[in-house]
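User: I am new to this one and would like a walk through it. Could we take it piece by piece, starting wherever I point?

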Amino acid sequence: MTDSEVRRDLGDAEDLEAATAVFTQVRPRLFGIAYRMLSSVTEAEDLVQDVWLRWQAYDRSTVVNPEAFLATTTTRLAINVLQSAWKRRETYIGPWLPEPVDTGADPYLGAERAEALQFASLLLMEKLTPSERAAYVLREAFEYSYAQIADILSSTEPAVRQLVSRARKHIASERRAPVAAEEQQELLTTFLTAARAGDLTALERLFTPDVTSLSDGNGRTGIARTPLVGAERVAKFLKAISTWFWDGVEVRWTTTNGQTSAVLVRDGSAYGLVTVDATAEGIYQVLWLVNPEKNKGVSAAG
């Protein structure tokens, strides 16, 4: 090998090392964008890996702002994935819920602005167009300027302002003011105690009149495939299953999407995860995530 070839190889190695350092530094933000866009840890991780491969192969000498380039690539790929994800969800059996992300184990996600991270927000964002969702996530969760978002979406600043405005109005029209984290945890704890006991009166007292119970099992045996709506109906259902569902179930605690959740452990493995969304009026949403594919990354304290 000639001296020039050695120098070239060393230069390539140094360039790749620098590229790796840049990517590693910005990776948590890329994952944060991808997860909020896709509501799936698995899909977000796959997408970020795709961004890394593209970054390796790209002519990086032409990139003026690596962070902006990587955020742009992530967002545009997420829009494409989201469009195909909608088609896949049409064949999903029963309610579809976001895949939980363990914010207790991910300091970056947990320390960031919680906007567009909690289950309630992610479910509302499912009703936005991909472009509206991208603009909303970049603006509300990461505080990108309208000009930056316009560059990312290959749009104009006025058009981006309209996207963010429409997204805000849609979400605001359906969003309910959440209780503080401590109260949410207390309500979840009280709910589980009442559910295990089949205490009809206690359950109805916890719920808002229009409470909805959603179970995501993708066809798993014994899982409700339609939403249950109304305090009396949800309470009666929980009372009915209390005679058998909780047998051998151990409850452990974790933090997912910035709020307390309960991991239901049966025979030493996680059967599922349950959490609640609540306002000052009570619990308005009970979420049961019992699709094994979605709970692989959830950890629980003993």
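User: Which residue in strand 4 does V251 stand opposite?

Analyst: V251 stands opposite L264 in strand 4. Before going on, please note that this is a predicted model, in which local features need pLDDT of at least 70 and side-chain atom pairs count only at pLDDT 80 or more, while totals for chains, interfaces and linings use all residues. Residues are numbered from 1 along each chain as its sequence is written, and side-chain values use heavy atoms, with hydrogens and water left out.

User: How many helices and strands are there in the chain?

Analyst: The chain has 11 helices and six strands; these are DSSP runs numbered from the N terminus, with helices being H or I over at least four residues and strands being E over at least two.

User: And in what order do the strands sit in the sheet?

Analyst: The six strands form an open sheet in the order 2-1-6-5-4-3, with mixed pairing. Its edge strands are strand 2 (228-229) and strand 3 (249-256), each of which pairs on one side only. Two strands are said to pair if DSSP finds at least two bridges between them.

User: How many bridges are there between strand 3 and strand 4?

Analyst: Strand 3 and strand 4 pair over eight bridges in the antiparallel sense. Two residues lie between the strands in their hairpin, where N257 takes a positive phi near 55 degrees.

User: What about strand 4 and strand 5, how do they pair?

Analyst: Strand 4 and strand 5 are also antiparallel, over five bridges, and R266 stands opposite S269 in strand 5. Their hairpin has two residues between the strands, and D267 takes a positive phi near 55 degrees there.

User: Is D267 buried or exposed?

Analyst: D267 is exposed, because its relative accessible area is 76%; the cut-offs are under 20% for buried, over 50% for exposed and partly exposed in between, with a 1.4 Å probe and protein chains only. D267 sits in the loop between strand 4 (259-266) and strand 5, and its C-alpha atom is separated by 7.3 Å from that of G248, which is 19 residues away along the chain.

User: Why is strand 4 described as largely enclosed?

Analyst: Strand 4 is largely enclosed by the rest of the structure because seven of its eight residues are buried.

User: Which strand does strand 5 join through seven bridges?

Analyst: Strand 5 (residues 269-279) is joined by seven bridges to strand 6 (residues 282-289), and the two run antiparallel. Within that pairing, L273 has L289 in strand 6 as its bridge partner.

User: Changing topic, where does E126 lie?

Analyst: E126 lies in the loop between helix 5 (119-125) and helix 6 (130-141), and it counts as buried because its relative accessible area is 18%.

User: What does the side chain of E126 join up with?

Analyst: A polar contact of 2.4 Å joins the side chains of E126 and R89. Such a contact is a pair of N or O atoms within 3.5 Å; within protein, one must be able to donate a hydrogen and the other to accept it, and residues adjacent in sequence count only if both atoms are side-chain atoms. Leaving aside neighbours within four places in sequence, E126 is in contact (heavy atoms within 4.5 Å) with S39, W86, R89, W96 and R133.

User: S39 is on that list, so is S39 buried or exposed?

Analyst: S39 counts as buried because its relative accessibility is 0%, and its place is the loop between helix 1 (3-38) and helix 2 (41-57). Not counting residues up to four places away in sequence, S39 touches W96, P98, E99, L122, E126 and R133.

User: And S131, which helix is that in?

Analyst: S131 lies in helix 6 and is partly exposed, because its relative accessible area is 32%. Apart from neighbours within four places in sequence, S131 is in contact with L153 and L163, and its C-alpha is 9.3 Å from that of V164, 33 residues apart in sequence.

User: Last one: what share of the residues in the whole chain count as buried?

Analyst: Of the chain's 302 residues, 48% count as buried. The C-alpha trace spans about 80 × 45 × 35 Å along its principal axes, and residues 24 or more positions apart account for 66% of the contacts with a separation of 6 or more.
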